[in-house]
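Topics follow in groups, beginning with the nonpolar cores.

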Amino acid sequence: MKTIKTQVGIIGAGPAGLTLAHWLKKHGIEAVIIEHRSREYIQGRVRAGLLEQNTVDILKELGLADRLVKEGQEHHGVYLNFDGKRVRVPFGQLTGGRNITIYGQQEVVKDLTEAWLAKGGQLLFEAPALELEGIETDSPKIHFEHNGEKGIVECDFIAACDGFHGLGRKSMPKDAYKEYSVTYPFSWLGILAHVAPSSEELIYAYHERGFALHSLRSEKVSRLYIQVENDDHVDNWSDEQIWEELSVRLGTEGWKLNSGPIFEKSITPMRSYFIDNMQHGRLFLAGDAAHIVPPTGGKGLNLAVADVKHLVDGFRDFYEKASMQALDNYSTVALKRIWRAQDFSNFMTTLFHKQYEHGSFHYQLQKAKFDYIQLSEAYATTIAENYVGLPFESFEALD
């Protein structure tokens, strides 16, 4: 049986696990990563593509942003449509220069993986975690399998960055946390297409036929979504139908949607989920292992990186000062931002998705919110500062 000894055992080589490993290494703390999937899989799966200012700053600080700076697209605002009327919320102007950057999650994973392995970091792919042992002791263990051989990671702490279906949360006692869950009555049909973006910035659109979003991945690849029923299927939508629907829902006077070859279609359910305690003993959860938000606010990857920031603070406190105080407070600190992100994601979701009859009471409330964005700089600023991500120090004053 293979035995690996380290200080922090990390489960999951997504953005959370990889960022954590790099950040710990910067401070002289050892870490080993085990990942259930293959390298090709984690670097190929298309996920989020929106990086908050905090996330970009962290990657720059860690020396991991060379390609991001070269190829990522910084956006200084977002377009919001309602029934064919379009307004722009200028991020930098309203937030003191804070913006977002469009750069695919799979590209972040590629960069972080390559850099970790180049530095001699240990990362085992296709190595599923089988059992967590001794999480209530000061010497927990991760039992795993790799190349048909059983192995153990012996460590001081376990960081479970292994997603919603991972072993981390399943290893927490059921009475150690409370679950919060909301499933929205609609999904997103998303496409990737070989076509230049039709807008230099994202477009969120409410339309009487449903929500639509224009996003992008590069100067030659567009990412677009339309609201569909939860029981819909991609086979129900031809390429021609998708482009026609997007053109109608996103349309404004004088604006034209570019269309091109679609090379990926998928349907994503819209849901919120999280637990109110992200730790037990020497086990700590980060990212999707502890929380999921609907993609409307672009918070998923960014919340994961924020979790990592708080974990790093805790681990540094332990190894540099022999103090558990920051780690003991990890959940309390992280949940402040998670609740804020859940609220903003819910706000953006309910504002732009059709849930009620056009012209109904609830529709008029949606329209009133949209109109208020145009009337109030304070309201527009609220949207902007949440979208680009609040600075970490913003939450320090909260009890």
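In the largest nonpolar core, which has 78 residues, the members that touch the most others are Ile10, Leu20, Leu285, Leu311 and Phe315. A nonpolar core is a set of buried Ala, Val, Leu, Ile, Met, Phe, Trp, Tyr and Cys residues joined through side-chain atoms within 4.5 Å. Buried means under 20% relative accessible area, exposed over 50% and partly exposed in between, with a 1.4 Å probe and protein chains only. The model is predicted: local features need pLDDT of at least 70 and side-chain atom pairs count only at pLDDT 80 or more, while totals for chains, interfaces and linings use all residues. Residues are numbered from 1 along each chain as its sequence is written, and side-chain values use heavy atoms, leaving out hydrogens and water.

- Leaving aside residues up to four places away in sequence, Leu285 touches Ala160, Gly168, Arg169, Met172, Ile275, Met278, Ala290 and Tyr330, where contact means heavy atoms within 4.5 Å.
- A second, separate core has 35 residues, among them Tyr184, Tyr204, Phe370 and Tyr387.

**Helix H6**

- Helix H6 (residues 105-118) spans 20 Å from its first C-alpha to its last, close to the 20 Å expected for its 14 residues; the expected span is 1.5 Å times one less than the number of residues.
- Ten of the 14 residues of H6 are buried, including Val108, Leu112 and Trp116.

**Helices H12 and H13**

- Helix H12 (residues 361-375) packs against helix H13 (residues 377-388) at an angle of about 105 degrees, with the axes 6 Å apart.
- H12 is therefore roughly perpendicular to H13, a term for angles of 65 to 115 degrees.
- H12 contributes Lys369, Tyr372, Ile373 and Leu375 to the contact, and H13 contributes Glu377, Tyr379, Ala380 and Ile383.
- Six residues of this contact are nonpolar, none is polar and two are charged.

**Positive phi in loops**

- Glu126 is not a glycine, yet has a positive phi of about 50 degrees; Glu126 lies in the loop between strand E9 (122-124) and strand E10 (129-133).
- Asn147 has a positive phi near 55 degrees and lies in the loop between strand E11 (141-146) and strand E12 (149-154).
- Asn147 is exposed, with a relative accessible area of 69%.

Conventions
Helix = DSSP H or I, 4+ residues; strand = E, 2+ residues; numbered from the N terminus. Axes fitted to C-alpha atoms, helices over the stretch in contact; angles between N-to-C directions. Parallel < 35°, antiparallel > 145°, perpendicular 65-115°, else oblique. Nonpolar A, V, L, I, M, F, W, Y, C, P; charged D, E, K, R; others polar.
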